[in-house]
Amino acid sequence: MPKPLRDPQPMLERAIADWGGHEDLWLFGYGSLIWRPDFGFVEWRPAWVHGWHRALKMWSRVNRGSVQTPGLVFGLLSGGSCRGMVFRVPKAEGLETLKRLWLREMPTGVYDPKWLRCGTAEGNVSALAFTLSRRSPNFTGELSEERYRHIFTHAVGRYGSSLDYAQQTLLELQRHSIHDAALARLVALAPAPAQPTTQPSKAAADCDAPPAPVYVPGSTDISSQPSGPSKENT
């Protein structure tokens, strides 16, 4: 685990104090929280925020890359707008949910947790979101198309590749009718997979060996996703 940039405990305590515990807790997901929330909730809604946008511009040297070949995960950067999901957690479970989220999202204190006004079809809610400062050492700055291609080709961490992470997020956004043209353009930069030089034999094609289990975005309802911590980014 990388050395913490900041002590995350005071930020957790501040988030708990700001929430207060008197009402249900709302959380805003814009990346992997949408397809793997890892916490219980009683309601989710499509939502949008103004003044912030989803960006694949945060270095990942463990989960989706390595120290030698850093990968990328999403951050919520200031400017523009973003569509995602808000999740309502019962107030009785809010404290434990925040503690679990801090273990997943804030082990190094990289994000700036903020309460954002989120619009939904049923009205506005104040939800906690994990934003990224451009002053953070984990902010990539502007990356060239060639750099994205290199990362998508080579960056792999303990939870898989940066490309898989970006593709899973894009597919899940599309499943919820959220169109992110910027992310679609980035994913399209990935090199096409190599084609096999020979056709598999019929015997190989008909093999009954079961494939290894793999998460397929959209394969199950969002509310039935596993609850164990995956330490992915939002």
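User: Phe 41 and Phe 87: buried or exposed?
Analyst: Both Phe 41 and Phe 87 are buried. Keep in mind that this is a predicted model.

User: Where do Trp 35 and Tyr 165 sit, buried or exposed?
Analyst: Trp 35 is buried, and Tyr 165 is buried too.

User: How many aromatic pairs are there in the structure?
Analyst: There are 9 aromatic pairs. In one of them, the ring centres of Trp 35 and Tyr 165 are 6.4 Å apart and the planes stand at 65 degrees, so that pair is edge-to-face. This pair links distant parts of the chain, with Trp 35 in helix α2 (residues 32-35) and Tyr 165 in helix α5 (residues 162-175), 130 residues apart.

User: And why is the pair of Phe 41 and Phe 87 edge-to-face?
Analyst: Because the planes of the Phe 41 and Phe 87 rings are at 65 degrees, with the centres 4.9 Å apart; the edge-to-face class takes planes over 60 degrees apart. That pair also links distant parts of the chain: Phe 41 is in the loop between α2 and β2 (43-60), Phe 87 is in strand β3 (residues 71-89), and they are 46 residues apart.

User: Which residues do ring pairs link into a cluster?
Analyst: Trp 35, Phe 74 and Tyr 165.

User: Switching topic. Where is Asp 180?
Analyst: Asp 180 is in the loop between α5 and α6 (181-188).

User: Why does Asp 180 count as buried?
Analyst: Its relative accessibility is 15%, so Asp 180 falls on the buried side of the cut-off, which is under 20%.

User: Which residues is Asp 180 in contact with, leaving aside neighbours within four places in sequence?
Analyst: Arg 54, Leu 170 and Leu 173.

User: Now the whole chain. How many helices and strands?
Analyst: The chain has 7 helices and 7 strands. From the N terminus, the order is α-β-α-β-β-α-β-β-α-β-β-α-α-α.

User: What about burial and contacts overall?
Analyst: Of the 234 residues in the chain, 47% are buried. Taking contacts between residues at least 6 apart in sequence, 80% join residues at least 24 apart.

How values were computed: Residues numbered from 1 in each chain as written. Predicted model: local features only at pLDDT ≥ 70, side-chain atom pairs only at ≥ 80, totals over all residues. Heavy atoms only, no water. Phe/Tyr/Trp six-rings, centres within 6.5 Å; stacked < 30°, edge-to-face > 60°. Helix = DSSP H or I, 4+ residues; strand = E, 2+ residues; numbered from the N terminus. Buried < 20%, exposed > 50% of the residue type's maximum accessible area, 1.4 Å probe, protein only. Contact = heavy atoms within 4.5 Å.
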